[in-house]
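Subject: Structure handover

Hi,

Here is the structure for you to look at. Please open it next to this email and follow along.

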Amino acid sequence: MEDIKTVLLVDDDPAIRKVLRRILNAAFEVVSAADAPTGLEIARSRDIDLIILDVCMPGMDGLTMAEIMRDDPLTRDIPVLMLTALAGFEDRINGLSSGVDEYLTKPFDLRELWDKASGLIVGGRSRPQGSFRN
Amino acid sequence: MNEKRNIAFGHKYESVFCVFMAALAFLWRDNPNLIYPQILYLFMSLLGLNLAAGLTLRWWPAKPSISAAVILANCAVITGVLEYSGGPGSNLWVLYLLPIYTVCMFLGGREVAWVTGGVLAFNGLFHALNEPVWNDAAYFLVALKSALFLFAALTTFSLAKRERTNASRARAHREHLRRMEDEARGTERKLERARRLAEVGMVTSGVAHDLKNPLLVILASTELMLSHEELSEDLRQDIRRIRRSAELCRRLAVDVLGGAENKSFRPEPCRLHDIIDSALSLMDSQAARRSVQVRRVFADGSSLVSAQAYDLQRVFLNLISNAVDAMPRGGTLTLRTRRYTPRVRGIPVLEACVEDTGGGIPAGVMERMFEAFNTSKPPDKGTGLGLHLAKEIADRHGGTLTAGNMAEGGARFILTLPLLPEGERAGKRAAAAAAC
């Protein structure tokens, strides 16, 4: 039996969590968190194959969470797909090249989400591992 | 204009002088040196010729020889004045300076030479015919007068030429200043528009940003709904319509925010007829509510163009929406396409017309139709950005967007795009793009 991959979805918008969960459930097991600290806790405690992470969240934002993950041996190998609704934020994400593996600008095409998520799960982290602080 | 005013002033002074001389001739009519009334008639003739010279300068500015001929006739009359005011001893020989002054002020070097030569000839001839005795004094007098006429001609012409050059330079400076003022006003208007665009951009960016999450939910949810096999075809169509609208909103949000997708222009082969139909399907209920009938008159054959389909859909949504708004009491909306090859560029193009039977475009609106924030709609109906963006999209696609009124009434907007050759591969790609 094929091993079912697990995706952690971290987004503060419950509608987004719900709809993405339903879409990704077709092929993956999906766990979700409404904020970054909860997401970090889940990432450390479970075997996660991909984290889909929103940038803008109250409290700790997605970039900070990704940064913390990269410093943690338990989570540094998990590929991260960042979701952003901020125009021009792609440049910042690109600048932090070692922290985020892929990004999507909201509202994105679901096929694109599917392709990128599948690619990261199958291929693992697409960029050299490291930290934002490197 | 200034030249004409100078001519009028110059001749006015001369005319006043001629009237003054005629009045003197009348008052001193008993003077034995004056032969009255001939002298009076001659001064009147001088006045008439002076006015005639002024008129020829105005009517035929490009033919200075006519004016020079009239001024030469002045010289002949002045010779007559000398004859009737004491002969060679008359003091009125100074009147010869009048034609010299006139020609120097208003005509060119060649005419000055003619008239000055004429004055010298008339003066010489007059003395030759009327001097009782030709002695040294007579020769000296003729030579002195001739030298004086020559000197007057040279100095006056030189001064007049300098004055004309200065006036011409001043005119050029004024014209330059006027152009600079026009440019400054234009720049000011552009800056004001840019400022307003920036202000609106900030507000719309905020709104567009907040729309992104709900749009994502709509798009994802409709996709999930469409995955259910038991849906009826009607419901499926409704969901697809919601999806198309949400996709358009998504695109608008991306454009407003100036996102990466907007910066990169990635045209693909697509069929313009499909795009028009897609825009029509989004507007059909609005048209029906206004009792607007829709006519499609599409050219047979290919409508393949290289474009970003969403951009063109925005253009047609805007044009169709404007056309429907222009017919509040109903009418006919015609979407017409035709292919042709313009002579200038020689590249086949596809022309798409959006025509309405409304009141047409007012003349004042037409000139600034495609400028940002120029709208004839109430504030709650339009931002004045639609046509501006539509024109930008047309330009970005290497096409044109023009507007005009039809002879039979109503407005017509014409979008012209370069036509792609209908190849098998291109057709397949377009079909694939349409399916997406």
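B:L387 is found in helix α12 (residues 386-396) of chain B. Helices here are DSSP runs of H or I with at least four residues, strands are DSSP runs of E with at least two, and both are numbered from the N terminus. B:L387 has a relative accessible area of 13%, so it is buried. Buried means under 20% relative accessible area, exposed means over 50%, and partly exposed lies in between (1.4 Å probe, protein chains only). Which residues does B:L387 touch, not counting residues up to four places away in sequence? They are B:N318, B:L319, B:N322, B:M369, B:F370 and B:F413. A contact means heavy atoms within 4.5 Å. B:N322 is 65 residues from B:L387 along the chain, and their C-alpha atoms are separated by 9.2 Å.

Some ground rules. This is a predicted model, where local features need pLDDT of at least 70, side-chain atom pairs count only at pLDDT 80 or more, and totals for chains, interfaces and linings use all residues. Residues are numbered from 1 along each chain as its sequence is written, chains are lettered from A and ligands numbered from 1 in the order in which they are written, and side-chain values use heavy atoms, with hydrogens and water left out.

Chain B as a whole

Chain B has 13 helices and 7 strands. Of its 436 residues, 41% are buried. Take the contacts in chain B between residues at least 6 apart in sequence: 72% of them join residues at least 24 apart. The accessible surface of chain B is about 24200 Å², and carbon and sulfur atoms hold 60% of that. Areas come from the Shrake-Rupley method with a 1.4 Å probe; for residues, only the protein chains shown count as cover.

Aromatic rings

Rings of Phe, Tyr and Trp (its six-membered ring) pair if their centres lie within 6.5 Å; planes under 30 degrees apart count as stacked, over 60 as edge-to-face and the rest as tilted. By this rule there are 6 aromatic pairs over all chains. One of them joins B:F26 and B:Y36: the ring centres are 6.2 Å apart and the planes meet at 55°, so the pair is tilted. B:F26 sits in helix α1 (residues 2-27) of chain B, while B:Y36 is in the loop between α1 and α2 (38-59), 10 residues apart. B:F26 has a relative accessible area of 39%, so it is partly exposed. B:Y36 is at 29%, so it is partly exposed too.

Now look at B:Y96 and B:F149. How far apart are their ring centres? The distance is 5.5 Å, with 75° between the planes, and the pair is edge-to-face. B:Y96 lies in the loop between α3 (64-83) and α4 (97-106) of chain B, and B:F149 in helix α6 (residues 136-226), so the pair ties together parts 53 residues apart in sequence. Both B:Y96 and B:F149 are buried. With B:W93 they form one aromatic cluster.

Charges also sit over rings. The test is NZ of Lys or CZ of Arg within 6 Å of the ring centre and within 35 degrees of the ring normal. B:R29 lies over the face of B:F26, 4.3 Å from the ring centre. B:R338 has its charged end over the ring of B:Y340, 4.2 Å from the centre.

Chain A

Chain A has 5 helices and 5 strands. Along the sequence they follow the pattern β-α-β-α-β-α-β-α-β-α. Of its 134 residues, 50% count as buried. Its accessible surface comes to about 6100 Å², with 48% on carbon and sulfur atoms.

Find A:T75 in the loop between α3 (62-71) and β4 (80-84) of chain A. Is A:T75 buried or exposed? Its relative accessibility is 0%, so A:T75 counts as buried. Its side chain reaches the backbone oxygen of A:M69 at 2.8 Å. Not counting residues up to four places away in sequence, A:T75 touches A:A43, A:R44, A:M69 and A:R70.

Where the chains meet

Chain B and chain A each give 15 residues to the contact. Between them they bury about 1600 Å², 67% of it on carbon and sulfur atoms. Buried area is the accessible area (1.4 Å probe) that two parts lose on being put together, summed over both. In chain B, the residues that lose the most area to chain A are B:K212, B:L216 and B:L224, together 36% of what that side buries.

Best wishes

Methods:
Polar contact = N/O pair within 3.5 Å; in protein donor to acceptor, adjacent residues only side chain to side chain.
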